[in-house]
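Here is a short report on one protein chain. Take the sequence and the model together.

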Amino acid sequence: MRPKDQINWMLTDAIEALARAERLHQSFLNLHPRAGSSEPSWEPPMDVIETDEEILILVALPGVDPDEVEAALDGGTLVISGRRILPAELRDARILRLELPQGRFERRIALPTGRYTISRFAAHGCVGLRLGKSS
């Protein structure tokens, strides 16, 4: 491979990697207005795990109080929403980098048919939701 071809190949590879990273970043933020709300919201990443007794949901929301997170059943869908705001002690600070999304968030999760009781907890920067299965 000639040196010029090698540079073009490396440049093309780097540009494609940056484009993939940007697509991933945008899919994480996924800012868009929700029905019934004119304010855009972002979608936090989450894990959903099911056992025989419950569905466990861990939503990555560092700095968000679990009691401030709304969790409501809408038919067969669980709607998790709330707001992540900049802590008061940082509002007058000079921000050097701000990568964690702020503002309104919302996630919708289709659930298996059933009845559930919902409880919240905090764990390692995540807000946890325990959906106990009822008979």
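In which strand is Ala71 found? Ala71 is in strand E5 (residues 70-74).

## Basis of the model

This is a predicted model, in which local features need pLDDT of at least 70, side-chain atom pairs count only at pLDDT 80 or more, and totals for chains, interfaces and linings use all residues. Residues are numbered from 1 along each chain as its sequence is written, and side-chain values use heavy atoms, with hydrogens and water left out.

The pLDDT (the predictor's confidence in each residue, from 0 to 100) averages 84 over the chain. A score of at least 70 is reached by 80% of the residues. Confidence is lowest in strand E1 (residues 32-33), at a mean of 54. It is highest in E4, at 97. Where pLDDT is low, the predicted coordinates should not be read in detail.

## Fold

Along the sequence the pattern is α-β-β-β-β-β-β-β-β-β.

Of the 135 residues, 25% count as buried. Buried means under 20% relative accessible area, exposed over 50%, and partly exposed in between (1.4 Å probe, protein chains only). Among contacts (heavy atoms within 4.5 Å) with a separation of 6 or more, 52% join residues 24 or more positions apart.

## Core

The largest nonpolar core holds 17 residues. Such a core is a set of buried Ala, Val, Leu, Ile, Met, Phe, Trp, Tyr and Cys residues joined through side-chain atoms within 4.5 Å. Ile57, Leu61, Leu78, Ile80 and Leu131 touch the most other members. Strands E4 (54-60), E6 (77-84), E7 (103-110) and E9 (126-134) each give two or more residues to this core.

Leaving aside neighbours within four places in sequence, Leu61 contacts Trp42, Pro44, Val69, Phe105, Gly125, Cys126 and Val127.

Ala71 counts as buried, at 16% relative accessibility. Beyond its neighbours within four places in sequence, Ala71 contacts Leu78, Val79, Ile118, Arg120 and Leu129.

His124 lies in the loop between strand E8 (115-123) and E9. His124 is exposed, with a relative accessible area of 83%. Its phi is positive, about 55°, although His124 is not a glycine. Most residues other than glycine have a negative phi.

Notes. Helices (H or I, at least four residues) and strands (E, at least two) are DSSP runs, numbered from the N terminus.
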